[in-house]
Amino acid sequence: MSMEEAPASYLTSVRRQLVPFLIIGVGCAVVDFGITYGLTELSPLSRDLSKVVGWCFGTLIAYVLNSRFAFQAAVTVKKAGAVLLLYASTFAVQVLLYNITEGPLIALGFVNPWKDATSFVIAQGVATVTNFVLQRRVIFKEETKIVASAEPRRFTDDGNPPVPPSAVA
């Protein structure tokens, strides 16, 4: 593989995993925030405990969907344990960010639902970047190599992608 092909192939494999990861992440963030905000406003649970419950639902759904659609990996106990450890670590950071942004947002005049939504987006953004990078580079490293190696390297002279060997009669 030439130096010109490597960056294009790498970017293609990143895109192939990042796009579904982000789509799934946004959907699961909606689930997480909906549960978190709903429990905060409509139940006697504290803001932190509501966040824990919302996170559990959003994370479980995200793991199952990302394993299948973003990383094309089988759901295994080993990978689930690794993802759980990663998500638990980033959850601690998420809760910290969710809490430390509340005071400054109140000082800026934010009220609910904007205060909690802004705190949530900041915390979720940091966690999402961390989770994607570590899952791609550590937990699903072998699946990432398969996705990258399956990418067509170049187009034919007529501008079409190469024909897979299985399609040749």
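Analyst: Start with the term aromatic pair: rings of Phe, Tyr and Trp (its six-membered ring) pair if their centres lie within 6.5 Å. Planes under 30 degrees apart count as stacked, over 60 as edge-to-face, and the rest as tilted. The model is predicted, and local features need pLDDT of at least 70, side-chain atom pairs pLDDT 80 or more, whereas totals for chains, interfaces and linings use all residues. Residues are numbered from 1 along each chain as its sequence is written, and side-chain values use heavy atoms, leaving out hydrogens and water.

The rings come first. The count is seven aromatic pairs. F21 and F71 are edge-to-face, because their planes stand at 65° with the centres 6.1 Å apart. F21 is in helix α1 (residues 5-42), and F71 is in the loop between α2 (47-70) and α3 (77-100). That puts the two partners 50 residues apart in the chain. Helices here are DSSP runs (H or I, at least four residues), numbered from the N terminus.

Now the burial. Buried means under 20% relative accessible area, exposed means over 50%, and partly exposed lies in between (1.4 Å probe, protein chains only). F21 has 4% and is therefore buried. F71 has 0%, so this residue is buried too.

W55 and F91 make a tilted pair, with 4.4 Å between centres and 35° between planes. W55 is in helix α2 and F91 in helix α3, so this pair ties together parts 36 residues apart in sequence. Both residues are buried.

Together with F132 and F140 they form one aromatic cluster.

Next, the core. A nonpolar core is a set of buried Ala, Val, Leu, Ile, Met, Phe, Trp, Tyr and Cys residues joined through side-chain atoms within 4.5 Å. The largest one has 15 residues. F21, F71, V83, Y87, F132, I139 and F140 have the most contacts inside this core. Helices α1, α2, α3 and α5 (114-139) each give at least two residues to it. Helix α3 supplies the largest share, five residues. A second, separate core has six residues, including L97, Y98, F120 and A123.

Contact means heavy atoms within 4.5 Å. Leaving aside residues up to four places away in sequence, F140 touches Y63, S67, F71, A73, K79, V83 and Q135.

Y98 leads on to charge. A charge sits over a ring if NZ of Lys or CZ of Arg is within 6 Å of the ring centre and within 35 degrees of the ring normal. R47 lies over the face of Y98, 3.8 Å from the ring centre. The charged end of K51 sits over the Y98 ring as well, 5.9 Å from its centre.

R47 also takes part in salt bridges. A salt bridge is a side-chain nitrogen of Lys or Arg within 4 Å of a carboxyl oxygen of Asp or Glu. The whole structure has five of them. One joins R47 and E102, with the closest N and O atoms 3.5 Å apart. R47 is in helix α2 and E102 in helix α4 (residues 102-107), 55 residues apart. Another joins R47 and D116 at 2.7 Å, N to O. D116 is in helix α5, so this bridge ties together parts 69 residues apart in sequence. Both R47 and D116 are buried. K115 bridges to E102 at 3.0 Å, N to O. In sum, R47, E102, K115 and D116 are linked in a network of salt bridges.
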